[in-house]
Amino acid sequence: MSDAVIRHLESQQEAILDRLKALLRLPSVSTDPACADGMAAAREFLMDRLCTLGLADVQLLDAGGQPAIYAAWQGAPGRPTILLYGHYDVQPPDPLELWHSPPFEPTIRDGRLYARGASDVKGSTLIAVETVGAFLATGGGCPVNIKFFLEGEEEVGSPSLPAIIDKYRDLLAADAMLSADGGRASTDFPTVSVGCRGIAALQFSLRTAAKDAHSGRVGGAVRNALHEMAKLIASLHDDDGRILVEGFLDGAMEVTQDIRAESAALPFDEAAWYADLGAAPYGDPDYTLRERITVRPTIEVNGLWGGYTGAGGKTVLPCEAHAKLTMRLVPGQDPAAAQAALRRHLEARCPPGVALDFHYHPGGTRAFTLGPHHPLLLAAERVTEWVHGQRPVRTRAGGTVPITTLFQESLGIDSLMFGLAMPDEDAHAPN
């Protein structure tokens, strides 16, 4: 980055911060239909900014869901084209009562900016936009050709992204992608990301009777749907957290000595990590904490409900129970195969007289890995070392960034995640 670009960004720091605050005030919650106006306003804000900065061909890419935003600068003929990815949608702010300041009113406390989306991922997205703008404003243009792809469905699993890719394949052609999503792994040590886990999901219900019944009249003689659900969920793991679903781990990447050394390279205070969560140590004792949260698969219950959950008591024996589960996958695992293995496990343990009903989540996303000698990775390491004066540690994200796998599989484009969010920012939680 040239000195002129750095000086320009420094001179615009307050104005850029004001623009970020304006973007954060827009409630662009993609999962909530009530936030349709906020989604539209966020799109308009970003498109106006891209046009103002001198990007061309600014348009919406629509395939029936929340549209993505596209823009380009192609003033470097003969040089590579880099696709810059970000997303303008955010998670719901609930529970609102736990926020120390309103989620859509940006507030600075102790030098940090608090608002829904500040770290995930409007902050890093706008930094990318403003940095390209700084290159263009200083008169020299960019050293490579640039395309922006700013998605509006990342927080709901990118359901229309495959259709957008198919419809706009030629427009999205590029040599590589830099993703504003995916944050830093440490607040103290420089890191670069070499991959992330994949994801699959499954929702199911079970029924034990035709209707709810009085617990005093039928209790002890009829199966309780919540009891049966609890037994099924408990069968997924042993007491130490090892996954007991036969076939689920088929194809999963082996945790080699090289991978273990990579995971151990980042200084990590396990006691402080658990203390910050207010949780007790848990998990497969055959792997370290860092390995369990980055390079090992998981099956987690995200929601479990049934029966009476209102105020006070109700002496009912519920006939239905429901569960939502997600699976984080490592390289080598197929989302459909993992989902099928989980279904077989549940069916095999379902007792007579209990009916299971599966509500599938289509697709899923494979894990993504950037090769150890990939030019994107090597370039990022050189830049990070230049900035910090310290060679960065290679890390893997425990979460999932669907765009990385989809663009790799559909367009042959590899990605480097440059997200600037720190691991202590409570990205999907209040504050």
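How many helices and strands does the chain have? There are 13 helices and 17 strands, where helices (H or I, at least four residues) and strands (E, at least two) are DSSP runs, numbered from the N terminus. Before clicking around, note that this is a predicted model, in which local features need pLDDT of at least 70 and side-chain atom pairs count only at pLDDT 80 or more, while totals for chains, interfaces and linings use all residues. Residues are numbered from 1 along each chain as its sequence is written, and side-chain values use heavy atoms, with hydrogens and water left out.

**Stop 1: the whole chain**

Zoom out. The C-alpha trace spans about 80 × 50 × 45 Å along its principal axes.

Colour by accessibility next: 48% of the 431 residues count as buried. The cut-offs are under 20% relative accessible area for buried, over 50% for exposed, and partly exposed in between (1.4 Å probe, protein chains only). As for contacts (heavy atoms within 4.5 Å), take those in the chain with a separation of 6 or more: residues 24 or more positions apart account for 77% of them.

**Stop 2: two helices side by side**

Select residues 13–24 and 36–53, which are helix α2 and helix α3. Two packed helices are described by the angle between their axes and the distance between the axes. For α2 and α3, the angle is about 155° and the axes are 9 Å apart. Axes are lines fitted to C-alpha atoms, for helices over the stretch in contact, and angles run from 0 to 180 degrees between N-to-C directions. The two helices are therefore roughly antiparallel; the classes are under 35 degrees for roughly parallel, over 145 for roughly antiparallel, 65 to 115 for roughly perpendicular, and oblique for the rest.

Which residues meet here? Show R19, A22 and L23 from α2, along with A42, F45, L46 and R49 from α3. By class, this contact has five nonpolar, no polar and two charged residues. Ala, Val, Leu, Ile, Met, Phe, Trp, Tyr, Cys and Pro count as nonpolar, Asp, Glu, Lys and Arg as charged, and the others, Gly among them, as polar.

While you're in α3, click A41. At 24% relative accessibility, A41 counts as partly exposed. Draw a C-alpha to C-alpha distance from A41 to R25: 10.0 Å in space, for 16 residues apart in sequence.

**Stop 3: the six-stranded sheet**

Now pick out the open sheet, whose six strands come in the order β1-β2-β6-β3-β7-β17 with mixed pairing. Two strands pair if DSSP finds at least two bridges between them. At the edges sit β1 (56–61) and β17 (415–417), each pairing on one side only. Ignoring direction, neighbouring strands are turned by 20° against each other on average.

Focus on β7 (residues 176–179): three bridges join this strand to β17, and the two run parallel. To see a bridge, select L178 and its partner in β17, L416.

Helix α4 (residues 118–137) touches β2 (68–73), β3 (81–87) and β6 (145–151), with its direction at about 145° to that of β3. Helix α13 (residues 402–411) touches β3, β6, β7 and β17, and its direction makes about 175° with that of β7.

**Stop 4**

Where are the cis peptide bonds to look at? One runs from D94 to P95, with omega near 0°, and P95 lies in the loop between β3 and β4 (107–109). Another joins D120 and V121, with omega about -10°; V121 lies in helix α4.

Next, check phi at D57 in strand β1: near 55°, a positive value in a residue other than glycine. D57 is partly exposed, at 43% relative accessible area.

**Stop 5: a loop residue**

Finish at T365, in the loop between β14 (355–360) and β15 (368–369). Buried or exposed? T365 is buried, with a relative accessible area of 9%. Leaving aside residues up to four places away in sequence, T365 touches G198, I199, L329, P335, T400, P402 and T405.
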